[in-house]
Every structure is written in structure tokens, then in C-alpha cells.
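Have the structure open as you read, and follow along.

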Amino acid sequence: IKWVKKWSNEEIKNLVDQEIGLIDPRIYSDQDLYEIELERVFARSWLLLGHEGHIPKAGDYITTYMAEDPVIVVRQKDGSIKVFLNQCRHRGMRIERSDFGNAKSFTCTYHGWAYDTAGNLVNVPFEKEAFCDKKEGDCGFDKADWGPLQARVDTYKGLIFANWDEEAPDLLTYLSDATPYMDVMLDRTEAGTEVISGMQKTVIPCNWKFAAEQFCSDMYHAGTMSHLAGVLSSLPPDVDLSQVKLPSTGNQFRAKWGGHGTGWFNDDFALLQAIMGPKVVDYWTKGPAAERAQSRLGQKLPADRMVAQHMTIFPTCSFLPGINTVRTWHPRGPHEVEVWSFIVVDADAPEEIKEEYRRKNIFTFNQGGTYEQDDGENWVEVQRGLRGHKARSQPLCAQMGAGVPNKNNPEFPGKTSYVYSEEAARGMYHHWARMMSEPSWETLRP
Ligand code: FES
Ligand code: FE
């Protein structure tokens with residue numbers, strides 16, 4: 001690989017000290033590091049693009065991004081999914097410009113080159129009159145040479161991921177030991193999940209890593225300050241506020257490989273009650289749907305004890321089981337992120353519950369949602385500060401949980417710690433630094 005070389009691999013490794021938890025703030029603001037991220041993190045990782053429910057029928061497509069690269073995600077006649085670069089090979093125009101639809105082919109609106117839904121170039125206006133046939137000379141033109149770049153595609157329980165890198169491990173290997181924690185939201189019923197919203201899109205002026213890291217590792221902000229006003233104002237009027245206690249028990253999980261992480265409170269459903277209301281909490285915790293979920297998940301982990309779970313699959317796939325918002329943090333330079341989010345529910349949930357999920361997400365984790373605003377405001381303030389020279393001169397602290405007596409909870413699989421920890425954040429930054437500085441999958445793979 002011929003890599004961008006503005007930082008040496010050694011310098012990049014030293015930006016993060018995962019043992020004691022020090023983070024060089026320049027990882028959030030440096031343009032050259034961002035260019036390196038596009039090349040080494042985003043062009044080599046499995047990236048979340050959407051849900052199978054976004055493209056149920058042959059020819060259904062969505063247009064989205066793999067980091068800054070535009071792509072088309074399209075259902076094939078045989079039920080498989082293709083993902084290819086949304087860039088016409090003629091002069092680089094976007095092949096398809098609408099957000100979603102159903103197509104038999106895609107025609108570029110610049111000069112009319114047309115591609116089939118598998119990404120083969122099938123029609124070129126004035127091909128016979130204006131292009132020399134390849135068979136008749138070296139200068140020749142053959143449509144078969146001019147299809148857009150194809151990505152590898154795989155799915156995990158409804159979620160569609162793609163990866164540009166032929167050498168990268170397959171998706172299941174990449175997800176490492178994080179899958180039981182994904183299943184808490186994705187595998188509660190054999191009917192699987194369905195999408196109940198379109199793609200919601202928001203721009204937040206902050207680095208993508210603030211968002212990804214918080215969903216990976218940060219219950220601290222929820223249990224202390226950031227969402228306090230939102231939680232208190234959402235409690236039913238008969239609750240005695242002087243009796244309300246912040247949750248203090250729970251765990252965090254750091255994947256053994258890959259930078260993935262999750263955390264949750266144990267047993268205390270007051271927070272979920274405040275965020276999602278009684279109907280959703282009852283559906284999640286009581287009755288046949290909850291019992292069925294527990295019988296499916298219980299072999300792996302006590303899902304019925306987990307509350308307000310947050311999770312990130314490195315780098316940019318994040319979700320909140322129970323609240324059921326799922327999002328991709330599409331990076332837009334070091335200083336901006338586009339949030340593309342959708343809501344999933346058990347496909348066989350009663351209509352009333354689906355409607356309640358939709359309604360509650362509008363109030364909580366959506367452009368106008370209280371909790372989305374709380375989170376975004378923090379990240380925007382941090383990013384604004386990083387314009388300063390001095391603000392970028394000293395490490396930030398990610399030491400919580402490092403060196404404290406082991407609070408591993410053996411009820412849950414993998415490496416767990418106390419819920420108020422930055423163990424998963426250290427795992428994420430450790431993996432980030434490795435992806436940024438190790439050229440070969442020989443040393444990177446699990
Ligand atoms: Fe697409 Fe010319 S750029 S046909
Ligand atoms: Fe939050």
C-alpha cells in the first residue's frame with residue numbers, strides 16, 4: 001500500500017496511551033490524521049449502511065456513504081445485496097442521486113451512461129459511433145472495464161455492513177465476541193427486527209470519535225449530569241423527586257478485539273421508564289415477548305437485567321438496545337459528522353408498541369429529541385474548544401477504571417468492568433491506533 005505519510009506510524013501510535021488512558025486531542029482535529037483515517041480505518045473496516053428492511057424487494061436501493069465515499073446499496077434478483085461506489089466511471093458524477101427507490105438500472109444524469117443493478121456498465125450513448133472497439137486496437141473501449149468499484153457485503157441479523165478491503169476478516173470474525181451484546185436488540189424473536197422509520201439525517205459539528213466513543217463506553221454522562229434534566233422532567237408527576245436515585249450498578253464490556261464496546265445498568269428500570277415510558281418498558285421487561293427474548297438470549301447473558309444499554313461496533317455503527325435507535329456516524333472532515341439513524345423493533349411486536357417506539361424516539365434520540373440534543377451539545381462544545389492552540393497541547397483523561405481492582409462480572413460474557421469505566425474507550429482508541437499505524441492484516445487480524 002502507498003500510504004499518505006504526514007505522520008509516522010510511531011507518532012500515530014503515541015497519540016493514544018491505552019494502558020493508562022491518555023488521549024492526544026489532535027486525534028479529533030488534525031486534517032492530516034483525518035486523511036489517514038479515511039485510508040486506513042474507513043477503507044478497511046466493516047461499516048454499517050442500513051437494515052435489510054430498507055431494501056426488501058429486487059431492485060430496491062438506498063444511496064448512502066462509506067465514510068466520505070458515496071455508495072449504492074441494492075437488492076439483487078437472487079436476494080443478495082450489492083454495494084458499489086456511487087461514482088460514474090466516465091467523469092465521476094454520482095450515478096444515482098435520489099435517497100432511495102426501486103430501479104431496473106441506474107442512468108448517470110451527466111452524459112447518460114447506464115449501469116444495471118449489479119453495477120455493470122450496460123449502455124453508453126453513441127458507443128458505436130464515438131468509441132473505438134477494444135477488439136480493434138489498444139486504445140479501445142470495453143464496457144466491461146468500466147463498472148464502479150464493488151465493496152464486500154455481509155449482514156448480521158438484519159444490519160447491512162460493507163467493507164472495501166479484500167484482506168479484512170469476514171464480518172463475523174470482525175464482530176469478535178461482541179455479538180451476544182448486539183443480540184439483546186437484534187435477536188429477541190425469531191421474526192427478527194424491522195425498520196419503522198426512514199433514514200433520519202442530522203449534521204453535528206464534531207469529530208465522529210466523540211459520538212462513537214460515547215456510545216461505546218460512556219454511561220458516565222448518563223449517570224451523572226448530561227441527561228439529568230431530561231430524565232427528571234420525563235418522570236410521571238406522582239414520582240417524589242427527592243426519592244429519585246441515579247443508577248449505580250451495572251457493567252461495561254470491552255471486546256477482546258476490534259474496538260467494540262457496550263455498557264448497561266443492572267436491574268434499575270427507572271431510567272428506561274423516563275426515556276421510553278411505561279408501554280415500552282412493559283413490552284421490554286414483562287409478558288410473553290420479554291419471556292421469549294429471555295429464553296433466546298438467556299444462554300448467552302442475563303438480558304432481562306440490562307437497562308439503557310449503549311453500544312458501538314467500531315468504527316461508526318452505534319445503537320441503544322431498549323430505545324432501539326441505530327445509527328452510522330458518517331465522518332465529514334475532522335470537525336463534522338453526519339448522523340444517519342433509523343429505528344428497529346421486533347418484527348412481530350404489536351402495532352401499538354411499534355407506534356410507541358416511533359413516537360418516543362421522536363422525543364428522545366432524533367434531531368429534535370431531548371437526549372440527542374444533550375449529547376450533541378457536549379460534543380460541539382468540546383470540538384469548538386479544540387480550535388485553540390493550547391487546548392490541543394495537553395492529553396485528555398480516559399483513566400477511569402484503569403488500575404482499579406477488577407470488577408469483572410462473571411454473569412456476563414467477555415471482559416467486563418464496572419459500568420462507570422473507560423475500559424471500552426481505551427479498547428476503541430487502542431484499536432483505532434492499530435488500524436492507523438499497522439499496514440498489514442497479518443498483524444492486525446484477531
Ligand atoms: Fe456519467 Fe459522463 S459522468 S456519463
Ligand atoms: Fe447520551
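Three strands, E3 (47-51), E4 (60-66) and E19 (325-331), each supply at least two residues of the lining of the second largest cavity. Please keep in mind that this is a predicted model. The structure holds 2 cavities of 30 Å³ or more, and both are described below.

**The second largest cavity**
- Its volume is about 40 Å³.
- E19 gives the largest share of the lining of this cavity, with 4 residues.
- Around the second largest cavity you will find Phe 42, Leu 47, Leu 48, Tyr 65, Met 66, Ala 67, Thr 316, Thr 328, Trp 329, His 330 and Pro 331.
- Sorted by class, that lining has 8 nonpolar and 3 polar residues, with no charged ones.
- Both domain 1 (47-153) and domain 2 (176-444) take part, as the lining of the second largest cavity draws at least three residues from each.

**The largest cavity**
- About 200 Å³ of space lies here.
- The lining of the largest cavity counts 17 residues, and the closest to the cavity centre are His 221, Ala 222, His 227, Leu 320 and Phe 365.
- At least two lining residues come from each of helix H6 (208-217), helix H7 (220-223), helix H9 (270-285), strand E17 (306-313) and helix H12 (370-385).
- By class, the lining of the largest cavity divides into 11 nonpolar, 4 polar and 2 charged residues.

**A point to look up in the viewer**
- Which domains each supply at least three residues to the lining of the second largest cavity? They are domain 1 (47-153) and domain 2 (176-444).

Note on methods
Residues numbered from 1 in each chain as written. Chains lettered and ligands numbered in written order. Predicted model: local features only at pLDDT ≥ 70, side-chain atom pairs only at ≥ 80, totals over all residues. Heavy atoms only, no water. 1 Å grid on protein atoms, 1.4 Å probe; cavity = no way out; pocket = protein on both sides within 12 Å on 5 of 7 lines; lining within 4 Å. Points joined across faces, edges and corners; volume = space filled by probe spheres on them. Nonpolar A, V, L, I, M, F, W, Y, C, P; charged D, E, K, R; others polar. Domains from an automatic or database assignment.
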